[in-house]
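User: Please walk me through this structure in short questions and answers.

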Amino acid sequence: MPLALPLVPPEAGDCSFRLICFNLGKADAFLITTPHSTVLIDTGSREHGKELALTLLELGVERLNCLVLTHFDADHVGGVHQILKRLAVEQVLESPLLSHNKDSQQYRLVLKKHGVSPGKVRSAEELRLDGVSYTLLPPRKKHYARDERNNASLLVHVRHGGNTFLFTGDAREARLAEYLDSGPERCDWLKVPHHGHYQRALPRLFHALTPRYAVITSSEEKREDPRTVDALRQVGCQVALTRLGAAVYYSDGEEIFAVQ
């Protein structure tokens, strides 16, 4: 059964850019659509794969220009099989650091079954689709001493007109430090890393980015840390929690309209 989505607010009627943050428990899946392009960032877990694919079809999405997989944990790549089974996917882009665990092995088997050869993002790579730019930022190191699976996360910077969106996967302290040391520009919208788990780097990240909107993918069983939410609100950010329902954002290139 397709997932429930909020209604479109009247003020968003003329917006050409839509971002859907699906309610899949503690799992990530984000759809970006414009009149002539579709991009999916992560696919949620295996148990929600069919729901996600059916929802995309109900939305009229039969083809993805690009499927971006930030890293290889099951709550990010588990839905790949259903997506590849039910939709046409032009290209798959992934982190260059493939962890050796059950999740990544299952993911590789799925790609092989569908005859898909993913592209590894080894250096900053830009993709332009229908007036939207996607900059994919890979991890700088080939190995991380701690939490390598999450620190392998691709970061995805999206620009639509004057509005900017940043997806951080499950980046942890070391990966966030890399990004902060690069002198990042501010963003209007932020996907909070690692389901809102609190990290010492988060206040610095939030003050550097000063997002107006942020989304945390959490569940009733595994809730976001209140300290993370407080740190976001201290920079004046409006926070949406997917455990309360899907969140949708519209952009006209100047303003962002939020609904949950």
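**An exposed loop residue, a helix pair and the cores**

User: Is Glu-221 buried or exposed?
Analyst: In this predicted model, the relative accessible area of Glu-221 is 70%. The cut-off for exposed is over 50%. Therefore Glu-221 counts as exposed.

User: Where is Glu-221 placed, and how many Å apart in space are Glu-221 and Gly-25?
Analyst: Glu-221 sits in the loop between β14 (213-216) and α8 (226-234). In sequence, 196 residues separate Glu-221 from Gly-25. From C-alpha to C-alpha, the spacing is 8.6 Å.

User: What is the relation between the directions of α6 and α7?
Analyst: Helix α6 (residues 173-181) packs on helix α7 (residues 202-209), with axes 10 Å apart. The angle is about 30°. Angles under 35 degrees count as roughly parallel. So α6 and α7 are roughly parallel.

User: Which residues of α7 does α6 meet, and how many residues in the contact are nonpolar?
Analyst: From α6 come Leu-176, Tyr-179, Leu-180 and Asp-181. They meet Leu-202, Arg-204, Leu-205, Ala-208 and Leu-209 in α7. By class, the contact has no polar residues, 2 charged and 7 nonpolar.

User: How many residues does the largest nonpolar core have?
Analyst: Phe-22, Leu-31, Leu-56, Leu-64, Val-80 and Tyr-107 have the most contacts inside this core. Elements that each supply at least two residues include α1 (49-58), α4 (102-113) and β16 (247-251). The core's total is 30 residues.

User: How many residues are in the second, separate core?
Analyst: Ile-32, Val-68, Leu-154 and Ala-240 are among its members. The count for this second core is 28 residues.

Key:
Residues are numbered from 1 along each chain as its sequence is written. This is a predicted model: local features need pLDDT of at least 70, side-chain atom pairs count only at pLDDT 80 or more; totals for chains, interfaces and linings use all residues. Side-chain values use heavy atoms; hydrogens and water are left out. Axes are lines fitted to C-alpha atoms, for helices over the stretch in contact, and angles run from 0 to 180 degrees between N-to-C directions. Helices (H or I, at least four residues) and strands (E, at least two) are DSSP runs, numbered from the N terminus. Angles under 35 degrees count as roughly parallel, over 145 as roughly antiparallel, 65 to 115 as roughly perpendicular and the rest as oblique. Contact means heavy atoms within 4.5 Å. Ala, Val, Leu, Ile, Met, Phe, Trp, Tyr, Cys and Pro count as nonpolar, Asp, Glu, Lys and Arg as charged, and the others, Gly among them, as polar. Buried means under 20% relative accessible area, exposed over 50%, partly exposed in between (1.4 Å probe, protein chains only). A nonpolar core is a set of buried Ala, Val, Leu, Ile, Met, Phe, Trp, Tyr and Cys residues joined through side-chain atoms within 4.5 Å.
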